[in-house]
Amino acid sequence: LGGVDFITKPFNPLEIVMRVERHLEHYYILEKMNTLLRESYHELYTPLSLIKSSLSLQELENGQNEHTQNIKAAVQSLHSICEDIYYGITEKERKYPKEWIDLEEFLSKRMQLFEAQMSIKSITYNFISQIESPMIHINSTELERLLDNLISNAIKYALKESCIHIAIRQV
């Protein structure tokens, strides 16, 4: 119902004033954050749309390659973040439809997107699945974000010429 505080009886009028002031400060901070989100959404979404359409034209003229695929994956991640911002500022609940995903295949495709970054540091990876045809019931966008964050952090913090080990196993 929106209650965020309570005061017990007997109450001190000075305490009431202090609590009301604190809640008003929080309210104004939240309003500023919402304004920043609204403005950020517009400032991010507009150039992102331009990048997306320019990339499509680039692929039509010159075909797809590893670099355009990496850009497309990054643009899709940013697009999902923009959608989250949109749902946050409109206070709508975002629905994440779940689907059955072959985790081994999905993970292999995500790893391919990071091969260029791994080659810069001469990083390799090995992939082991201890489960035959591992399936997961999750939204693909959420899974992409999760894996992309894990993989990019692994690359970022890995030493040169090291190996990233990935295993799918039953817990």
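Select aspartate 5 to begin: does aspartate 5 count as buried or partly exposed? At 32% relative accessibility, aspartate 5 is partly exposed. The cut-offs are under 20% relative accessible area for buried, over 50% for exposed, and partly exposed in between, with a 1.4 Å probe and protein chains only.

Before going further, some ground rules. This is a predicted model, where local features need pLDDT of at least 70 and side-chain atom pairs count only at pLDDT 80 or more, while totals for chains, interfaces and linings use all residues. Residues are numbered from 1 along each chain as its sequence is written, and side-chain values use heavy atoms, with hydrogens and water left out.

Now color by pLDDT, the predictor's confidence in each residue, from 0 to 100. The chain averages 86, and 98% of the residues score at least 70. Helices here are DSSP runs of H or I with at least four residues, strands are runs of E with at least two, and both are numbered from the N terminus.

**Stop 1: the start of the chain**

(A salt bridge is a side-chain nitrogen of Lys or Arg within 4 Å of a carboxyl oxygen of Asp or Glu.) Aspartate 5 sits in the segment before helix 1 and arginine 22 in helix 1, so the pair ties together parts that are 17 residues apart in sequence. Arginine 22 is partly exposed too, with a relative accessible area of 39%.

Next, click on proline 10, also in the segment before helix 1.

**Stop 2: along helix 1**

Select Val20, Leu24, Tyr27 and Tyr28. Together they make a nonpolar surface patch of about 410 Å². Tyrosine 27 lies in helix 1, which covers residues 13-62, and is partly exposed at 46% relative accessible area.

**Stop 3**

Which residue meets glutamate 105 in a salt bridge? It is lysine 109, at 3.3 Å from N to O. Both lie in helix 3 (residues 103-113), four residues apart, or about one turn of the helix. Lysine 109 is partly exposed at 48%, and glutamate 105 is partly exposed at 44%.

Now pick arginine 110 and aspartate 148, another salt bridge, with the closest N and O atoms 2.6 Å apart. This pair links distant parts of the chain, since arginine 110 is in helix 3 and aspartate 148 is in helix 5 (residues 140-157), 38 residues apart. Aspartate 148 is buried at 10% relative accessible area, and arginine 110 is buried at 9%. In total, the structure holds seven salt bridges.

**Stop 4: two serines**

Finish with serine 122, in the loop between helix 4 (115-120) and strand 2 (124-129). Its phi is positive, about 55 degrees, although serine 122 is not a glycine. Serine 122 is partly exposed, at 41%. Then hop to serine 133, in the loop between strand 2 and strand 3 (135-138). Phi of serine 133 is positive as well, near 50 degrees.

Terms used:
Patch = residues over 30% accessible without salt bridge, like charges linked within 9 Å, V, L, I, M, F, W, Y side chains within 5 Å. Areas by Shrake-Rupley, 256 points an atom, 1.4 Å probe, with all protein chains shown as cover.
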